[in-house]
Amino acid sequence: MSNAWGGGGGKSGGCPTQQLGTDMGEIILPRRMFLWSMAAIYLAAFVSLYVQIPGLYGNDGLLPARWQLRYSGKSLWELLLSSPSLLWLGPQLGLDTHTAMELLCLVGAALSLAAMLVEALRDSVVFFCLWALYLSMCQVGQVFLYFQWDNLLLEVGFLCVLVAPLTLIRGSRGVREHDRVTFWLLRWLLFRLMFASGVVKLTSRCPTWWGLTALTYHYETQCIPTQLAWYAHQLPVWWQKLSVVGTFVFEIAVPLLVFSPLRRLRLGAFYLQVLLQVLIILTGNYNFFNLLTLALCLSLLDDQHVNFWRRKADKISNNGLWSWFLYLLELTVWSLMIFGSIVCFDLKLDLTKNGISSSTAFTYHQFNQFLKTVTIPAIWIGVLSLTWEMITAMFRCACVSGFLKRFWGTVQWTVFATAAAAMFTISLVPFTYMEYDSNARLWPGVHRAYELVDRYQLVGSYGLFRRMTGVGGRPEVVIEGSNDAVSWTEIEFMYKPGNLSAPPAAVAPHQPRLDWQMWFAALGDQTQSPWFTSLMYRLLQGKQDVIELIQTDVSKYPFHQQPPAYLRAHRYRYWSYPQRWWRRVYDEEFYPTVHLGNTFLESMLSQYGLKDKSPPRRMSNTTVAQAVRWVRSQARGVPTHILIWTLIACSATLCLLQGLQNRNNHPERTPLTHEATVKEYTEHVPKGSADHSGNQICC
């Protein structure tokens, strides 16, 4: 489909400003790309979690999930209200909690895979099911599911319910009058995510962020670095400091452009954010977090730009002086951003070092005043931007021919505009967490509304790397086992640093959650990580499900034939080493030597409530339970990141082949105006069909 520059629907024509790209065109293709991307991200999330369920949440896992479901005689409805999780239905299906979790993950993975392959299944109902399934996991996930990207997946996943069409129930036209209203919520979330991530780095008063030296530590101290992170760590200091400056610009200044009425500024923001996320993906394993951010960036695109990628761009008329005025305005914005960066960070050429010197040229008080000044106006900019989208969508409804269609479109607009306004309103509470005075100025009713829906994790607050850790060396906990308490053998993990000569792994979008928690555990003492006692206890028992969290190939685990009689843990400090990957020095004892029946171990298990005193539960033996166990037997031993990428690659290939086949079946036609396109959808798309645009595109 060739997109008309007129952003409206019906018979509205394109005004000169729309033709020059000062308004957002149709978003049919970006919406479809976004929904396909979300299906792929859900697939990665469910498969990654599924593989780890037995070791994390099984009956013999680190934190059995059944402990989180207390059946107190309440009705099912009361249980769902207190803790919204489909796992409450497990006993009615004859399933224990462990098997029910695996079943929900398998259903989520199957739905995600189907949505990737079949466009009609990228539907509001399907995405609501995916959101409910993942929320059910998070309700019992405890510390292993307390990550910002889990909250972000739930928030973006719920927005998918508003963005996706209802093809399964009533069919869908290619153009819906309210689409831009719901799609706008993704832009607002992208702004909140990036702006808060930049702000918290400075409000934390972390000396490495203020001194622009954070990246001289980050590449070697992040949780699971990649091999490229090792090379990035070797870059000169002036480049690392300049990279920190770029991070602040990308995360604080550039997000403000997502609400720009000038289309090319929004596209500039899109490419800068994509560049930042790609660099992070190359130098760190942050599972699906950066993929989620990239999916949100699609909200800055329109059909015309996607068609430009496909070499099917429309011809845009040049409107003389008006066009030159817009170019001048855009150039002014970029010039001010560059000039502001030079002034705020005192950027100067340093000929002695053949680089660029930089330093923070403002104080904490000045930045705090800036934050106080900009937070409330940013909210009002959001209000105006959302209001504009609502008004234009309302006029699109009014321009639809036919009373019944116009009436039905108005009803839809009312429902989705109300939902968008509600989501925007409650998101103001976590957004203003970064500035106390602004949060206090919010209407009390907004806080009450947020508290009512907080249990469903519809909105969240974000901000990674508030403070840089590992300034004095990367802390790393190393577990050692022995059968005689004399000779000790280190237990190596698959992904986290341990072996000094082993290169860092590349595992995204899989998240090895035990490896991540080992990184957090090393930042404090063992009392701050109660689950670590459970890990030691399960390893002494020789529980295979827990061992597979450490080594998928159990034969590589040094005590696979017989559990160790003794375990202990020490903390080391790691650094990147030019001659090999790592070097380390001993720091201190992290966990004392323990064995089964050891007084210290027993006291810790009792103190943290980690020892199950209830009698062993009978394993479910229903047909569904047997099927779940059969799937587990087939997936056991396969590296998770390879499994995820295989599924995604096969799905993407099938979608590509399907798109090529559709293109061959439907030769190129003369580009249609938006008016003609809407008419074509109305007349020729059958009820219940998928959401098609004029030219087929898989994602």
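Begin by selecting Phe147, Trp149, Tyr286, Phe289, Phe465, Trp516, Trp519 and Phe520, which together form one aromatic cluster. As you look, keep in mind that this is a predicted model.

**Aromatic rings**

A search of the whole structure finds 50 aromatic pairs. For one of them, select tryptophan 188 and phenylalanine 424, whose ring centres are 4.8 Å apart and whose planes meet at 55°, so the pair is tilted.

Now go back to tryptophan 519 and phenylalanine 520, which make an edge-to-face pair with 4.9 Å from centre to centre and 75° between the planes. Is tryptophan 519 buried or exposed? Its relative accessibility is 9%, so tryptophan 519 counts as buried, whereas phenylalanine 520, at 36%, counts as partly exposed.

**Charges over rings**

Next, select arginine 205 together with tyrosine 364, and you will find the charged end of the arginine over the tyrosine ring, 3.7 Å from the ring centre. Then move to arginine 568, which lies over the face of tryptophan 488, at 4.0 Å from the centre of the ring.

Switch to a cartoon view and look for an open sheet of 4 strands, in the order 4-3-5-6, with antiparallel pairing. At its edges stand strand 4 (489–491) and strand 6 (582–594), each of which has a single partner strand, so one side of each is left without a neighbour in the sheet. On average, neighbouring strands of this sheet are turned by 35° against each other, direction ignored.

**Salt bridges**

Side chains of opposite charge can pair when their charged atoms come close. How many salt bridges does the count come to? The count comes to 25 salt bridges.

One of them joins arginine 263 and aspartate 302, whose closest N and O atoms are 2.6 Å apart. Arginine 263 is in helix 13, while aspartate 302 is in the loop between helix 14 (289–297) and helix 15 (303–309), so that the pair links distant parts of the chain, 39 residues apart. Both arginine 263 and aspartate 302 are buried.

Select lysine 372 and glutamate 435 next, whose side chains meet in a salt bridge of 3.2 Å, N to O. Here lysine 372 is partly exposed, with a relative accessible area of 28%, but glutamate 435 is buried, with 4%.

For a further example, select arginine 636 and glutamate 548, a salt bridge in which the closest N and O atoms are 2.8 Å apart. Arginine 636 counts as partly exposed at 37% relative accessibility, while glutamate 548 is buried, with a relative accessible area of 18%.

As a last stop, select Arg571, Arg573, Asp587 and Glu588, which are linked in a network of salt bridges.

Notes: Residues numbered from 1 in each chain as written. Predicted model: local features only at pLDDT ≥ 70, side-chain atom pairs only at ≥ 80, totals over all residues. Heavy atoms only, no water. Phe/Tyr/Trp six-rings, centres within 6.5 Å; stacked < 30°, edge-to-face > 60°. Buried < 20%, exposed > 50% of the residue type's maximum accessible area, 1.4 Å probe, protein only. Lys NZ or Arg CZ within 6 Å of the ring centre and 35° of its normal. Pairing = 2+ DSSP bridges. Helix = DSSP H or I, 4+ residues; strand = E, 2+ residues; numbered from the N terminus. Axes fitted to C-alpha atoms, helices over the stretch in contact; angles between N-to-C directions. Salt bridge = Lys/Arg side-chain N within 4 Å of Asp/Glu carboxyl O.
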